[in-house]
Each structure stands twice: as C-alpha cells, then as structure tokens.
Amino acid sequence: MELLGIEKTLQTFKNEGERNFFSTYSTLKERLFTYEYTQTSAEFPGGNDHGPNHIRRVLKRLDDILGRTPLEHVNVFELWLAMMAVLYHDVGLLQTRDKHPEVGADLMLGEQNPYLFDKRERELIHAAIFTHGSKTDIDQKCRKYPKRHQVGDFPVNVRLVCALVRLADELDEDYRRGDEGLFKKRDIEKRYPDSVQYWRFNQRIPSVQMDSPGSERREIEIQIQFEVEDVSFDAKNKKGEPVPFIEFAIDKVLKINAECHYCNRFFPPTLRFSDLRLTVLPGQSSTRETSKEILISERTQLAEVMAQLPDELKRPTTAHRSGSAAGPRAPSLPSTSLLPPEEPRLGAASPLPGWTLVDDAFLAGYRRPRSNDELRKYFDGRIPNWADATTPRIRRLHWVDESTNHLREAQRANAVPQMYLLLGAGGEGKSTIVRQVAVDLAAADENRNVLWRETGATLDSAALEALPRGERRWLLVADDADAIVQDLVRAVRVLQESARADLDLLLCARDTDWEAAGGFRQQWDSYVEYKLVRVRGLALSDAKSIVEAWTELGDVGLGRLAAYRAKERVPRLVAAAKEESSQEDGVFLGAMLRTRYGQTAREHVKLVMEHLSRYSLSSGKSLLNAFLHVAAAHAANQLSLGPELLAEAIGLPPGNLFREVIAPLGEEATAEHLGEFLRVRHRAIAEAAVAQAAVFREDLPQIYSALIGAASARRERRLYVADYDKFIYVSIQFAREVERRTKDPRQPGTFGYLDLETLVKLARTTARAAVRPEPNDLPDNLRRLINLCSVLRAIGQGGESLHILRDALPRIMSMRDYPTAARGFFTEWAMVAGDHGGSAELSLWLLGLALSDDITAPIEEKDAAPLLASMGVLLQRLLTHSPQPAYADGMGAVLALGPRASLGESHERVFKNHEAFGKKHGVMKPGPQEALPRLHKAIVAAANASSGAQVPTSLPPAPSIRFSQLARLLGVKPPRT
C-alpha cells in the first residue's frame with residue numbers, strides 16, 4: 001500500500017542517526033493492526049468500524065489536514081506523536097465503549113517497550129489519546145504543559161497534537177465506516193437496534209473533503225444523500241427520546257462543525273477552517289434535479305440548517321418539535337428548461353424521466369423555413385434550438401461529421417458502450433453540434449433511439465438499466481454534461497455491471513465546468529469506450545461553409561464582409577479565428593462577431609442594449625440593468641454568478657428570474673445559463689456592454705456594488721455563494737489596472753475598454769462596498785478594511801487610507817480575523833505611511849511591530865522575507881538622509897537575516913540591491929545571533945524619531961516588543977528580554 005504524505009515525511013527525516021521515527025511508527029502500526037484492532041469489533045459488536053481500516057482513514061484525514069508539506073505546520077516530533085496517538089486511540093474499545101479514550105490512554109502508559117517510546121513520549125501520546133473524544137477539554141488535560149514544551153531537541157505544542165488527533169478522528173464519517181453489506185450480514189437492525197442510526201448516518205455520507213492548508217477560505221465539505229425512507233425513520237437523541245433521523249443526521253454534522261471550530265483554537269492560522277459546506281445530494285428516488293449547498297459557520301443552529309433543506313426531506317406534518325424545521329426557506333428557480341420557448345413537442349413519451357425522445361414526430365414540428373432575422377440572431381450568438389439544428393441553412397461543422405461517423409461505426413461493430421465527450425470554451429458551437437448530431441442520427445432511422453437531456457434533468461441509473469434491450473441502440477445526448485457528472489459515474493458502472501453494449505453517450509460541456517465538477521478525475525475508460533474531443537478553432541472547410549451561409553442571407557448575414565470581394569471573405573474569417581485563439585472565450589463565436597461586425601461590434605451590442613432597455617422587470621428595473629449585472633461579472637472574470645445572487649442584486653424574486661431575465665436574454669443572444677451559473681455568451685459582448693453602460697445612464701460602480709452587497713447579504717444568512725471572495729474583493733482587479741495604467745498608459749491591460757477615471761471610481765466604490773455592511777459575525781472584516789486601504793493607496797488616495805487605519809486601531813482586536821490579519825494590517829499601515837505619510841521612521845516602526853510577538857498569530861515564512869526586504873528599503877532611505885549608527889546597524893541586521901528567510905526571485909533581487917547599498921556605505925554585517933538585537937535597536941530609534949501625533953498611544957512601547965517567533969523561524973536564538 002502506498003505511503004501517505006505524512007508517512008513519507010517520517011521516512012525521509014534523519015536526526016543525525018539518533019532516532020528513526022518511521023521505524024517505531026511502523027512497528028507499532030504492524031502490531032496493532034495484526035493483534036489489537038482485530039479484536040476491537042468483537043468487544044464492540046454493534047458499533048460501526050473502529051478497526052484497522054478506520055485507523056487508516058484517520059491517518060489519511062490527518063494527512064489531509066496537514067497537506068502536502070506537513071512540516072510547515074508541525075515539526076517532525078509533533079507529527080510522530082500525532083501519528084502514534086492515531087494508531088493507538090481506539091485500543092480502549094478492547095475493554096469498554098463509553099470511556100474508551102481514557103482506557104486507551106491508560107493502556108498507552110502501560111507500554112514498556114523503550115524502543116517504541118520513552119516515559120516522556122508516552123505521557124504526551126497519552127494526552128492525545130485521552131482527549132480524542134469530544135467530552136474532554138484539551139486545555140484542561142494539557143494544563144501542566146507550557147505552550148511550547150521542550151522534549152530533547154524538539155519544541156512540542158501538546159495542545160496542537162491533541163487537536164490534530166481529535167479532528168482527524170472526527171472527520172472519518174463517510175459510508176466506509178458503516179458499510180451497507182456488513183450492516184445486512186451482521187443483522188444490525190434486529191440485533192443492535194440502538195446502533196442503526198449511526199450506521200445509517202455513515203451510509204448517507206458519500207464523501208468528506210477539505211481545502212488545502214493556507215487556502216484563503218479553508219472549508220470542509222460534507223456530501224450527504226438522504227433517501228425517501230429517512231423522512232419517516234426515527235432515531236434517538238442523547239436522552240433516549242425519538243427524533244426524526246434527518247434531524248439527528250444534521251445534528252451530527254453540526255457536531256463535526258463544532259469540533260472543527262474547537263480544534264481551530266489550537267491550530268496555526270494556515271490549518272484553521274473557516275466554514276463547513278454541506279452538499280445535500282438528491283437521493284436515488286428523489287424528484288429533485290440539483291444538489292443543495294448549505295454553508296455552516298461556527299454559530300449556525302440546527303433550525304437554520306433544517307429550514308434550508310429541500311421540502312422532500314421534511315415531514316408532511318406542520319407541528320414539529322422545536323428547532324427542527326423552523327425558519328423561512330429561500331425560494332429556488334423553477335425546474336424548467338432554460339432555453340427560449342419553442343413549439344409544442346409532439347414526440348412519443350420517453351422511457352427516461354427528464355429526457356426527451358428525439359424522433360421524426362418530435363422533429364416534424366421544427367422542420368420549417370427559418371426567416372433571415374432568425375438566422376441572423378443565431379449567427380449573432382443566440383442560444384441554439386431544435387429548429388436551428390434541423391435547417392440546412394446552418395451548416396454542419398466538421399465536428400458533426402466526425403461525431404456522427406464515430407457513433408455509427410460503433411453501432412455497426414456492435415461495440416461496447418461509447419462515451420463521446422466534446423469539451424471547449426463557451427461560444428465554440430458545442431450546443432449546436434450535439435443537437436445536429438442528434439437530429440442526423442434520429443432522422444436516418446438507423447435502428448437507434450435518441451434521448452435528449454432537458455436542462456435540470458438527472459440520469460437515474462435504475463431507469464437507465466431498465467431501458468428495453470433489442471435491435472435498436474440507445475444514444476443519450478446531454479449539453480452542459482458537467483451538471484450530471486456523478487450521475488454519469490453511476491451510469492457507466494451500471495452499464496458495465498449489466499453487460500450492456502447497446503447504449504452510447506454523446507456529451508458536451510465547457511472544459512472549465514467539466515473540471516470543476518470532477519469530470520477529469522473519473523476513470524471513464526475503465527467502464528466504457530471513452531473519447532474526448534477538444535472543440536477549438538475553425539477549420540478552413542468550416543469557414544467556407546459558414547461564409548456560404550452568410551452569403552445566402554445577403555448583407556444582413558455578411559455584415560462588414562459585404563464590402564469585400566467573395567474570395568477575400570473566407571481568409572478574413574480564418575484570420576479572425578486565429579486572433580481569437582489567444583482568448584479564453586470561444587474562437588467560433590468570437591470570429592463570427594469580429595468578422596461580421598469588426599470595430600462596429602460595439603455598435604451591434606449597443607443596438608441589443610437599446611432593445612433590452614425597453615423591457616421593465618417586476619422589480620422596477622430594466623432587463624438591460626439585469627443583463628449588465630451579468631456582463632459586469634463576466635467582464636471582470638467573475639464566472640460564478642448564480643441565479644439566486646443575481647436575483648438578490650437586482651431585487652427580483654428568484655422564482656421570476658427565468659421568465660423575466662434568463663429566457664429573454666438567451667433569445668437576444670446576450671447571456672445564457674450554464675450549469676449553476678449565468679454568463680454572457682462571449683467576453684467581447686460583455687466588455688462592449690460594460691463599456692457603454694454610462695450611455696444608457698446605468699451606474700457601473702453601483703452594479704458591482706450591488707453584486708458585492710448581495711454576496712455579503714447571502715453569506716450573512718449562511719447561504720452558499722460560489723467564489724465568494726472573488727465578488728467581495730473585485731476591487732483588487734481594478735486597483736491593479738489603475739497602477740499598471742498609471743505607470744504605462746500605452747498598456748491598458750485587462751480593462752482596456754474602460755478609461756482611467758472609470759477604473760479609479762470602480763476600485764474605490766467596490767472596495768468601500770465590501771467594507772460598508774460590516775456584519776460582525778463574518779470572519780473577514782479586518783481583511784476587507786486592509787483591502788480598502790490597499791486599494792486607496794494604489795489609486796493615489798493614501799492620505800485617506802492613513803486616516804482609516806489610525807481610526808480603526810482601537811477596534812481591530814475585536815474582529816474575529818484579527819489573529820490572521822493583524823500582521824497585514826500593520827504592514828499596510830507601514831506601506832501607506834511610507835508612500836503617502838512621508839515618514840520612513842513610522843513605516844519602519846510599524847514593520848517591526850508586524851514582525852513581532854505582539855501579533856498573536858504565528859509568523860510564517862511568507863511574512864518574513866517581504867517584511868525584511870521592505871525594512872531594507874526604508875533603512876536605505878533613512879541612512880541616505882539621516883545616517884545614524886542605529887540605522888546602519890539595522891541595515892546590517894537585514895543583510896544578515898534576509899538570506900535566512902525563504903526568498904523568492906523578486907526578493908532575491910531586492911536583497912542584492914541591499915547588499916550593493918551596504919558595500920557602498922560601509923555597512924557591517926553582524927553574526928546571526930547579534931542581528932535581531934541590532935534590528936530591534938533600529939526599530940526603537942525609528943519609533944522615537946516618529947512624532948507623537950503620528951504614533952498612537954495605544955501601540956505598545958517599541959522597547960517592549962519581542963521577536964522570539966521570528967528568531968525560531970530564521971533559526972537563531974531569541975534575543976534576551
């Protein structure tokens with residue numbers, strides 16, 4: 001079995017031959033797995049898995065918590081202690097269930113093998129085993145140990161070790177711990193009825209995942225999949241009283257969340273978790289079409305989560321025990337196709353729920369002449385429909401022939417099931433391609449049944465297996481297939497298990513959406529014949545066909561190309577496609593727009609916007625205003641705008657969104673609904689619309705602010721917001737563009753379609769919009785404040801930023817994210833003071849504070865290098881204008897300490913500049929042990945030189961600050977206090 005990352009870390013660690021941590025770990029692991037843990041189930045007969053596989057999974061959870069580089073968060077001795085405690089933590093089940101942590105801990109003290117661990121190590125492992133249950137207080141148990149306990153050469157944070165073991169054990173709660181087959185074989189339901197609820201809970205959890213350490217918002221995601229029978233099943237609470245099983249299960253999830261936040265108290269900032277995201281999947285017999293995501297914070301209550309569950313998971317009775325299902329539910333979008341309405345469908349009934357049978361009867365209603373105006377709208381980017389797929393006036397690209405031929409060949413050879421997947425960016429023509437393939441195969445009557453997935457439909461594996469077998473082969477066609485990845489996983493397994501060779505899958509999706517849905521992580525070729533085709537670019541033969549179709553429409557189809565000779569038109573379309581190939585959005589649609597409209601594309605979008613401005617929404621705003629919210633998000637690369645977020649931003653009931661906004665925008669070739677997100681059909685359209693917002697008296701800063709406000713409001717109500725930080729901190733993009741444009745006006749960068757004045761206003765307004773709500777229970781208040789000040793500094797308004805920072809100082813310690821953001825606060829203040837306050841002394845003093853122990857959060861390597869580099873810049877300035885000995889000593893200290901930090905390429909260049917300055921000015925570089933005291937003296941001198949008006953009295957006195965954390969990070973002894 002392949003070693004975990006934490007096991008490899010132990011294996012590769014060498015301590016001058018004194019200790020082989022991996023060997024002792026492996027010895028104990030083999031012994032426990034061979035003897036003790038084979039007996040635990042016998043002593044705990046009704047319980048779910050507490051044996052060797054449970055221990056392996058807890059080790060894997062520990063591996064996930066610590067990430068790819070565990071020694072960035074713990075030292076090797078702390079890691080070894082945690083792993084040994086995990087190995088031993090459930091041995092107490094050999095004697096008892098109720099107090100097995102205490103019993104296991106006592107058994108650890110009885111281990112007398114000095115090769116495995118000595119007395120001191122046994123005591124530390126004993127503490128971690130004793131506290132792995134939720135009933136024990138870690139602080140109380142570890143009260144005799146100092147915060148940094150020393151054992152030999154290693155400092156040990158005992159509380160951190162205990163918390164790691166506790167949370168790793170808590171997170172092993174998926175289906176593998178309550179295997180359904182063992183549940184039946186052991187007859188748990190009859191023999192151990194009190195254990196049924198725990199087995200059932202585990203069976204309902206497909207996965208528990210977590211973000212990597214150091215993620216900006218590190219979340220734990222738990223997927224849960226209830227079944228219909230769970231609604232009527234009763235569990236028992238701790239008092240033995242009956243409670244609905246679903247309520248019991250949600251309460252278990254909240255317990256996991258509570259344990260996570262409890263353990264956060266002992267974790268360094270990079271290991272802490274912000275929230276738990278609960279994804280409620282549709283059950284096998286569910287009528288729901290999509291999953292439901294619920295964001296759970298530290299303060300979320302049971303009633304809040306129960307209120308957000310889908311209606312099908314709630315008991316039909318209105319009278320229910322307190323706290324189980326109270327509170328309002330957010331309305332959701334109607335489960336209907338998001339395509340513009342077409343003619344009534346006349347096809348036969350489909351044997352697969354949510355999938356339409358595409359046959360001659362179905363297609364007959366769409367085979368009618370298409371007007372030039374309808375075709376023009378298609379070439380302008382309208383979402384394709386079945387009438388477009390049937391008309392010969394919209395040419396088949398070569399992708400259609402290749403897909404059709406591949407599927408026909410598979411049918412002739414009676415091959416194994418085919419999975420033919422078309423991936424590409426939006427606007428590459430994928431939706432048209434799969435419709436045309438479906439039409440061609442259905443119309444040819446090749447003994448094939450074609451089923452088309454309607455938007456929102458699932459793929460039921462049981463119904464799939466029940467499809468009739470016979471001479472006719474089945475083809476399932478799905479656009480936006482990323483929405484059913486998990487259904488497809490189950491489907492291909494069913495195909496293999498049932499030995500079906502009469503069913504194929506034709507799928508398409510945006511490549512980014514397919515990746516986000518986990519499509520690339522699946523081993524499709526283990527079950528079916530799998531072919532992935534990238535749809536990108538424009539072949540010469542396709543370009544000729546497209547120009548022919550435009551020519552048939554006359555000037556309205558050719559647009560700008562009408563002014564060119566016939567032989568010049570195809571080369572111009574091909575050249576436009578090559579230009580578009582460097583963009584993220586689709587080459588096909590971009591080339592069509594560029595060729596037919598060219599520089600007048602903005603005028604074309606303007607005409608569309610004029611049309612949209614004539615339609616009013618029930619909220620009192622216009623359809624144009626709604627479109628501009630979508631365009632603004634897309635233009636700023638915010639590609640995760642969900643329908644609920646848009647509805648909140650424009651003040652429209654979510655239930656009205658499809659009818660009033662989504663369908664009309666799709667018909668007007670401007671926006672589309674992809675999976676769970678809304679986007680403009682092409683970035684060029686989004687940018688052209690945003691650039692002309694002011695022409696229609698639409699306030700662009702207000703539009704972005706409305707999106708930020710809606711994201712904040714939804715998050716405050718504990719509702720999930722995809723890419724939440726990207727909405728909240730969109731101001732960073734505008735500020736960087738202002739900086740870039742200010743340095744070199746000839747390089748407009750990302751937002752070249754906006755003038756500098758608009759960018760400045762956008763940066764300022766959006767940064768302020770993020771701060772303005774200030775919900776005190778959100779963990780990023782201080783980060784938002786720092787971001788505002790950073791943005792103001794970037795756009796040349798640092799004076800205002802300086803006042804904000806000074807005024808905020810008295811209240812920053814009350815902000816929940818103070819421990820992780822405080823160093824950033826003082827660093828930003830130092831930057832502002834240096835750039836706009838004119839005081840290098842104050843900047844140096846504030847940077848010293850940012851590096852000191854007065855900030856409670858542990859200092860990290862990523863902090864040290866840039867802060868020391870910035871100190872060097874300030875000391876150069878001070879030595880140039882005020883050559884005091886203290887500043888010369890400080891510069892020498894920076895030169896001595898800088899190379900001991902983890903330097904990136906940019907910081908190496910800065911320190912080379914510092915070295916050159918030091919040689920030129922005769923700066924003496926001290927030894928590593930002398931460097932920190934000298935740097936401290938320079939900081940004290942800078943603080944003394946700062947005027948009283950500049951240095952708030954609430955800051956600690958400069959002589960009293962200490963740098964023991966920095967010393968440990970850089971590998972030097974802390975200076976004497």
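How many helices and strands does the protein have? There are 43 helices and 16 strands, where helices (H or I, at least four residues) and strands (E, at least two) are DSSP runs numbered from the N terminus. This is a predicted model, in which local features need pLDDT of at least 70 and side-chain atom pairs count only at pLDDT 80 or more, while totals for chains, interfaces and linings use all residues. Residues are numbered from 1 along each chain as its sequence is written, and side-chain values use heavy atoms, with hydrogens and water left out.

**Overall picture**

- Of the 977 residues in the protein, 56% are buried; buried means under 20% relative accessible area, exposed means over 50%, and partly exposed is in between (1.4 Å probe, protein chains only).
- If you take contacts (heavy atoms within 4.5 Å) between residues at least 6 apart in sequence, 72% of them join residues at least 24 apart.

**Nonpolar cores**

- In soluble globular proteins, nonpolar side chains tend to be buried together.
- A nonpolar core here is a set of buried Ala, Val, Leu, Ile, Met, Phe, Trp, Tyr and Cys residues joined through side-chain atoms within 4.5 Å.
- The largest one has 140 residues, and Phe627, Val661, Phe825 and Phe826 have the most contacts inside it.
- Leaving out residues up to four places away in sequence, Phe826 touches Leu809, Ile812, Leu846, Leu849, Ala850, Ile855 and Leu955.
- A second, separate core has 88 residues, including Ala82, Met83, Ile220 and Leu276.

**The four-strand sheet around S4**

- Four strands make an open sheet in the order S3-S4-S7-S8, with mixed pairing; two strands pair if DSSP finds at least two bridges between them.
- S3 and strand S8 (292–296) are at the edges with a single partner strand each, so one side of each has no neighbour in the sheet.
- From one strand to the next, the twist averages 20°; axes are lines fitted to C-alpha atoms, for helices over the stretch in contact, and angles run from 0 to 180 degrees between N-to-C directions.
- S3 (residues 207–210) and S4 run antiparallel and are joined by four bridges. Gln209 stands opposite Glu221 of S4, and Ser207 has Gln223 as its bridge partner in S4.
- On the S7 side, six bridges join S4 to S7 (residues 275–280), and these two run parallel. Arg277 in S7 is the bridge partner of Glu221.
- Is S4 (residues 219–224) mostly covered or mostly open? Mostly covered: six of its six residues are buried.
- In a regular strand, side chains alternate between the two faces of the sheet. Both faces of S4 are covered, with Glu219, Glu221 and Gln223 buried on one side and Ile220, Ile222 and Ile224 buried on the other.

**The six-strand sheet**

- Another open sheet has six strands in the order S9-S11-S12-S13-S10-S14, again with mixed pairing.
- Its edges are S9 (355–358) and S14 (529–534); each has a single partner strand, so one side of each is left without a neighbour in the sheet.
- The twist here averages 20° from one strand to the next.
- S11 (residues 448–453) and S12 (residues 473–478) run parallel, joined by five bridges, and Val450 has Leu475 in S12 as its bridge partner.
- Helix H17 (residues 398–412) packs on this sheet and touches S10 (418–424), S11, S12, S13 and S14, with its direction at about 170° to that of S10.

**Loop residues to look up**

- Asp502 is in the loop between helix H20 (485–497) and strand S13 (503–510). With 12% relative accessibility, Asp502 counts as buried.
- Beyond its neighbours within four places in sequence, Asp502 is in contact with Pro468, Arg469, Gly470, Arg473 and Trp474.
- Ala499 is also in the loop between H20 and S13. Its phi is near 55°, a positive value in a residue other than glycine, and at 60% relative accessibility Ala499 counts as exposed.
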